[in-house]
Amino acid sequence: MDPTQNIGVRPELLRDVKVDQRLNDQVPLELKFRDEKGNPVTLGQFFTPGKPVVLSLVYFSCPMLCTEELNGLDRSMKLIPMSVGKDFEVVTVSIDPTDEPILAEAKRDLYTGMYGRPGAAQGWHFLTGENTQIKALADSVGYHYAYDSESKQFAHAAMLVVLTGDGKISRYLNGVSYPSRDLRLALDDASNGKIGTPFDQVLLFCYHYDPNTGKYGLIISRVIQVAGGITLLGVGILVFILARGEHYSLPRSRHA
């Protein structure tokens with residue numbers, strides 16, 4: 001079966017997977033979760049007026065996009081002068097209600113260790129919770145995802161939400177690579193209570209490959225499309241360069 005047959009076709013599971021930009025909306029700070037030690041916490045504990053919060057929604061057993069998203073956030077934060085814990089907070093919430101605090105603790109230790117700045121472990125929080133609380137938070141920021149019972153994976157988009165210190169949505173950052181300039185400006189705006197403007201989204205979705213059907217989920221399809229486009233562009237440039245080189249290497253005609 002042709003493995004590229006599903007390119008450009010949105011899988012049924014992804015029909016309702018999307019991000020609705022809800023700028024200036026308030027997230028429910030009273031929602032209850034568990035910290036890395038299993039202690040009950042409220043979302044509001046991580047918010048302080050004037051101190052922005054970066055919210056990431058992932059799941060800790062994700063085999064694909066979530067790791068890239070957290071790696072991208074870590075890379076970007078290393079390149080800005082502001083520091084986690086001192087100048088802003090990061091709250092990473094698992095969308096999988098079966099994730100346990102011990103896994104959240106392992107993720108925190110891994111990523112704060114990679115980040116490497118003092119105080120990171122007190123400023124980057126990895127939370128788990130019940131499905132009703134998770135859904136309420138996700139819905140408040142317009143984050144719609146779906147669960148695939150066959151692969152036991154979540155189909156979801158990759159994005160960050162930058163919130164003001166009082167819990168209002170200031171900016172969305174999409175994808176798994178976040179330019180440090182964009183992150184810094186988003187944090188500056190959020191710290192001053194500024195609300196960004198909507199923009200056209202090019203969402204990257206996390207979905208699985210089904211070896212039984214030979215079909216790719218949307219994330220793989222997008223990669224194939226982009227890779228194919230880059231390959232065609234590279235070939236075109238190479239042909240152009242060779243043609244120019246051949247043109248300039250032609251010997252001049254001699255007249256008898």
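The expected span of a helix is 1.5 Å times one less than its number of residues. I kept in mind that this is a predicted model.

**Entry 1: helix H2**

I began with H2, residues 101-115, and checked its length. With 15 residues, H2 reaches 21 Å from its first C-alpha to its last, close to the 21 Å expected.

Next I asked myself which residues of H2 are buried. I found Pro101, Ala104, Glu105, Lys107, Arg108, Tyr111, Thr112 and Tyr115. Looking down the axis of H2, I saw these buried residues fall within an arc of 165°, so they line one face of the helix. Ile102 and Gly113, on the other side of H2, are exposed.

Then I looked up what covers the buried residues of H2: the cover includes strand S2 (32-34), H1, helix H3 (120-123) and strand S6 (124-127). Just after H2 I noted Gly116, with a positive phi of about 80°.

**Entry 2: helix H5**

I moved on to H5, residues 180-191, and did the length check again. Its 12 residues should span 16 Å at 1.5 Å a residue, and the end C-alpha atoms are 16 Å apart, which agrees.

Where do the buried residues of H5 sit around the axis? I listed Leu183, Ala186, Leu187 and Ala190 as buried. They cover an arc of only 95° around the axis, which puts them on the same side of H5.

I also traced their partners: the buried residues of H5 pack against strand S4 (53-58), helix H1 (65-78), strand S10 (159-163) and strand S11 (169-174). Last, I noted that Gly193 follows H5 and has a positive phi, near 75°.

How values were computed. Residues numbered from 1 in each chain as written. Predicted model: local features only at pLDDT ≥ 70, side-chain atom pairs only at ≥ 80, totals over all residues. Heavy atoms only, no water. Helix = DSSP H or I, 4+ residues; strand = E, 2+ residues; numbered from the N terminus. Buried < 20%, exposed > 50% of the residue type's maximum accessible area, 1.4 Å probe, protein only. Arc of directions from axis to C-beta. Contact = heavy atoms within 4.5 Å.
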